[in-house]
Amino acid sequence: MANESLRQQLALLYQLQEHDRELLSFHQQLQIIPHRIKQLEASVTKYRDDITVKSNELAEVEKLQRSKNAELEMNEVQREKYRNEQREVTSNDAYTALENQIEFLEQKDGETEEEILELMEKSDQLKEELAALEADVVREDKKTTEKITKFRAEQKDLEAKINEKLEKRNTFLPKIDKKLTTQYRRWMERHKTDFLALGKNGTCGGCRLTIQPQNLKEAQKYEKLVYCSSCKRLLYVEPADPDIPFP
Ligand SMILES: [Zn+2]
């Protein structure tokens, strides 16, 4: 006669194993999410850093422009001073010397004006690049926010699933013999793979090898624990009677 209680124990242990496998997968999925969120945030930060670098560059160019303009203004004042002095001088030589000074300043101004033009072109170009970067960051920010929102929803969903699984697990865990759950736990810790193997069509579901006929016969009695002789997993074999539910 089949020992019904041992068969039920094996069925419950199988359920426990299935629950634990799903729980592990949920936990693994949950663990990656914060990492993914960090990666997304880092990509936006990179865009913002690019903007900061470009803005600093633009500020430098504009500062240089202002100093060049100030130079022009100073030269204008100086020239005005020379012109006033020209009105006062009495010798021709002194007048010519002042004239030379004025010409020298005008020549310098010509060079400065060219430099200012170059700086204006440079700042226009930087402003264009900055506008493009800002459009990029807005787009990236939107995309990232959407993805992060999705991840957070996924996180909540996984946490709910884990809680649900744990609750269910707790309902049948006390029904399983402590000796069995201890064996199960030890095996899982050591091997990180299934402890209970389903035996179907005379084959061990753990190692895919044929179960020895003597072992199969014993296992189908559900009187004692029977282990696969090749992979050493605990066997839960299909009952000979097709009316008995399996697994
Ligand atoms: Zn096996």
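The legends below describe close-up views of a predicted model of one protein chain.

**Figure 1. Overall form of the protein chain, with its four helices and three strands.**
From the N terminus on, the order of elements is α-α-α-β-β-α-β. The C-alpha trace spans about 140 × 30 × 25 Å along its principal axes. The radius of gyration is 42 Å, whereas a compact globule of 247 residues would have one near 18 Å. Buried residues make up 11% of the 247 residues. Of the contacts with a separation of 6 or more, 71% are between residues 24 or more positions apart. The chain is divided into domain 1, residues 22-175, and domain 2, residues 178-237. The centres of domain 1 and domain 2, taken over C-alpha atoms, are separated by 65 Å.

**Figure 2**
Leaving aside residues up to four places away in sequence, Lys 54 touches Leu 126, Glu 129, Leu 130 and Leu 133.

**Figure 3. Glu 103 in helix H2.**
Helix H2 runs over residues 92-172 and holds Glu 103. Arg 79 is 24 residues away from Glu 103 in sequence, and their C-alpha atoms are 9.0 Å apart in space. Glu 103 counts as exposed because it has 11 C-beta neighbours inside 10 Å.

**Figure 4. Helix H3, residues 178-191, and the residue that follows.**
At 1.5 Å a residue, the 14 residues of H3 should span 20 Å, and this agrees with the 20 Å between its end C-alpha atoms. The number of buried residues among the 14 is zero, so H3 lies largely in the open. Just after H3, Lys 192 takes a positive phi of about 55°.

**Figure 5. The open three-stranded sheet, in the order S2-S1-S3.**
The pairing in this sheet is mixed. S2 and S3 stand at the edges, each with a single partner strand, so one side of each has no neighbour in the sheet. Strand S1 (residues 196-200) runs parallel to strand S3 (residues 234-237), and four bridges join the two. Among the facing pairs, Leu 196 has Leu 234 as its bridge partner in S3, and Ala 197 stands opposite Leu 235.

**Figure 6. The hairpin formed by S1 and S2.**
S1 pairs with strand S2 (residues 203-204) in the antiparallel sense, over two bridges. In one of these pairings, Gly 199 has Cys 204 of S2 as its bridge partner. Two residues lie between the strands of the hairpin, and Asn 201 in the turn has a positive phi of about 50°.

**Figure 7. The largest nonpolar core, with 15 residues.**
The residues with the most contacts inside this core are Leu 196, Ala 197, Cys 204, Cys 228, Leu 234, Leu 235 and Tyr 236. The elements that give two or more residues to the core are H1, S1 and S3. S3 supplies the largest share, four residues. Leu 234 touches Phe 195, Leu 196, Ala 197, Leu 225 and Tyr 227, not counting residues up to four places away in sequence.

**Figure 8. Arg 208 and Lys 232, two loop residues with positive phi.**
Arg 208 is not a glycine, yet its phi is positive, at about 65°. It is placed in the loop between S2 and helix H4 (213-219). With 10 C-beta neighbours inside 10 Å, Arg 208 counts as exposed. Lys 232, also not a glycine, has a positive phi of about 70°. Lys 232 is found in the loop between H4 and S3. Its 13 C-beta neighbours inside 10 Å make Lys 232 count as partly exposed.

**Figure 9. The cis peptide bond between Phe 246 and Pro 247.**
The omega angle of this bond is about -5°. Pro 247 lies in the segment after S3.

How values were computed: Residues are numbered from 1 along each chain as its sequence is written. This is a predicted model: local features need pLDDT of at least 70, side-chain atom pairs count only at pLDDT 80 or more; totals for chains, interfaces and linings use all residues. Two strands pair if DSSP finds at least two bridges between them. Two residues are in contact if their C-beta atoms, placed from the backbone, lie within 7 Å. Domain bounds come from an automatic or database domain assignment. The expected span of a helix is 1.5 Å times one less than its number of residues. A residue is buried if 20 or more other C-beta atoms lie within 10 Å of its own, exposed if 12 or fewer, and partly exposed in between; C-beta atoms are placed from the backbone. A nonpolar core is a set of buried Ala, Val, Leu, Ile, Met, Phe, Trp, Tyr and Cys residues joined through C-beta atoms within 7 Å. The radius of gyration is taken over C-alpha atoms; the globule rule is 2.2 Å times the number of residues to the power 0.38.
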